[in-house]
Amino acid sequence: MKHSIVRWLQCADCGGSLDCEAIAQEGGEAREGRLTCSRCQAVYPIVGSISRFVPGDSYAQNFSFEWNVHRTTQVDSLSGRRDSEVRFLEYGHNANWAPMIQIRSELWAG
Ligand SMILES: [Zn+2]
């Protein structure tokens, strides 16, 4: 997790700011560590460079459900439709879209 994105994160419990403590670093990023809330002292682990804001099992359950039910829902090549392509191109002309792509590529948090 890049240290520069910590300022964009907040505690899932109280909204307080978070402090990052890296236990292992790689390429200037926190590979393992934790985020600690400055207000309520809640602790969120950083595992594999990704901050974890919900218990570990919840990730697998949510992704399993979505994957099993919707794995082909928005794949144009499988649906025979162009919905995803058209939606992407329409939003691509919006001037606010480019910064969103940059933020989303840097902010991969759970
Ligand atoms: Zn908090």
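**Entry 1: contacts and the whole chain**

I began with contacts in the protein chain: among those between residues at least 6 apart in sequence, 38% join residues at least 24 apart. Here two residues are in contact if their C-beta atoms, placed from the backbone, lie within 7 Å. I noted that this is a predicted model, in which local features need pLDDT of at least 70, side-chain atom pairs count only at pLDDT 80 or more, and totals for chains, interfaces and linings use all residues. Residues are numbered from 1 along each chain as its sequence is written.

Next I looked up burial, and buried residues make up 8% of the 110 residues in the protein chain. I used this rule: a residue is buried if 20 or more other C-beta atoms lie within 10 Å of its own, exposed if 12 or fewer, and partly exposed in between, with C-beta atoms placed from the backbone.

**Entry 2: helices and strands**

I found four helices and four strands in the protein chain. Both are DSSP runs numbered from the N terminus: helices are H or I with at least four residues, strands are E with at least two. Reading along the sequence, I wrote down the pattern β-β-β-β-α-α-α-α.

Two strands pair if DSSP finds at least two bridges between them.

I then followed strand 1 (residues 18–26) and strand 2 (residues 29–37), which pair in the antiparallel sense over eight bridges. Glu 21 stands opposite Arg 34 in strand 2, and the bridge partner of Asp 19 in strand 2 is Thr 36.

Strand 2 and strand 3 pair in the antiparallel sense over four bridges. There I also saw Leu 35 opposite Tyr 44 in strand 3.

**Entry 3: the turns**

The hairpin of strand 1 and strand 2 has two residues between the strands, and Gly 27 there takes a positive phi near 60 degrees. In the hairpin of strand 2 and strand 3, I counted five residues between the strands.

I placed Gln 41 in the loop between strand 2 and strand 3 (43–47). Gln 41 counts as exposed because it has 11 C-beta neighbours inside 10 Å.

My last stop was Ser 49, in the loop between strand 3 and strand 4. Phi of Ser 49 is near 75 degrees, a positive value in a residue other than glycine. Why does Ser 49 count as partly exposed? Ser 49 does so because it has 17 C-beta neighbours inside 10 Å.
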